[in-house]
Amino acid sequence: MNPTSFTMAFFGLFRKKQRPVIEDALFGTMTFFDARQPGDRYLECRTRFAGRPVEVTMEAGPDGPSEAQRAFFRSLEAGYDSLKAKLIPLLDEQLADWEAGPIRDFDRELELETITLPAVSDGPVQWSLCYVVRSIHHWATFELTDGTPDSLLIDG
């Protein structure tokens, strides 16, 4: 091996591996993050939801999202207005602790940042939404089962 080849091989050990990229008709360009445990493998992308950009993280393998995950995402988008109405009481209750007023205009006061989806199966789907709450400059993460909010954590 000549010195140049050796040097390139040596420094190649420190180069970041390119993560596999998947093109999906619904989600667009998705990056696959591998892990030893299958349940820890996930895809990440930036896509549009309810007319706005959002990060989506989902439990999935290198073949991309399942048809059930696509269907779940579409149903979330179709029912998003009614879902927001379910989130407001939980948020108003917590914002009182921050001495912030009640939510008057959801879309102006909160910015949807991340949707996290599990592998969707026949049972209930436990997933989350993370928003930036502009009035307090913190994140609000809702944990949901299907379309019902279970809990809210304000962080940051």
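Biologist: Why does Cys45 count as buried?

Modeller: Buried means under 20% relative accessible area, with exposed being over 50% and partly exposed in between, for a 1.4 Å probe and protein chains only; Cys45 has 4% relative accessibility, so Cys45 counts as buried. This is a predicted model, in which local features need pLDDT of at least 70 and side-chain atom pairs count only at pLDDT 80 or more, while totals for chains, interfaces and linings use all residues. Residues are numbered from 1 along each chain as its sequence is written, and side-chain values use heavy atoms, leaving out hydrogens and water.

Biologist: Why is Cys130 called buried?

Modeller: The relative accessible area of Cys130 is 13%, and the cut-off is under 20%, so Cys130 is buried.

Biologist: How many disulfides does the structure hold?

Modeller: A disulfide is a pair of cysteine sulfur atoms within 2.5 Å, and the structure holds zero of them.

Biologist: What makes β5 and β6 paired strands?

Modeller: Strands are DSSP runs of E with at least two residues, numbered from the N terminus, and two of them pair if DSSP finds at least two bridges between them. Six bridges join β5 (residues 110–117) to β6 (residues 126–133), and these strands run antiparallel; therefore they meet the definition of a pair. Leu112 stands opposite Tyr131 in β6.

Biologist: Why do β1 and β8 stand at the edges?

Modeller: Eight strands form an open sheet of mixed pairing, in the order β1-β2-β3-β4-β5-β6-β7-β8. β1 (21–24) and β8 (148–155) each have a single partner strand, so one side of each is left without a neighbour in the sheet.

Note on methods. Helix = DSSP H or I, 4+ residues; strand = E, 2+ residues; numbered from the N terminus.
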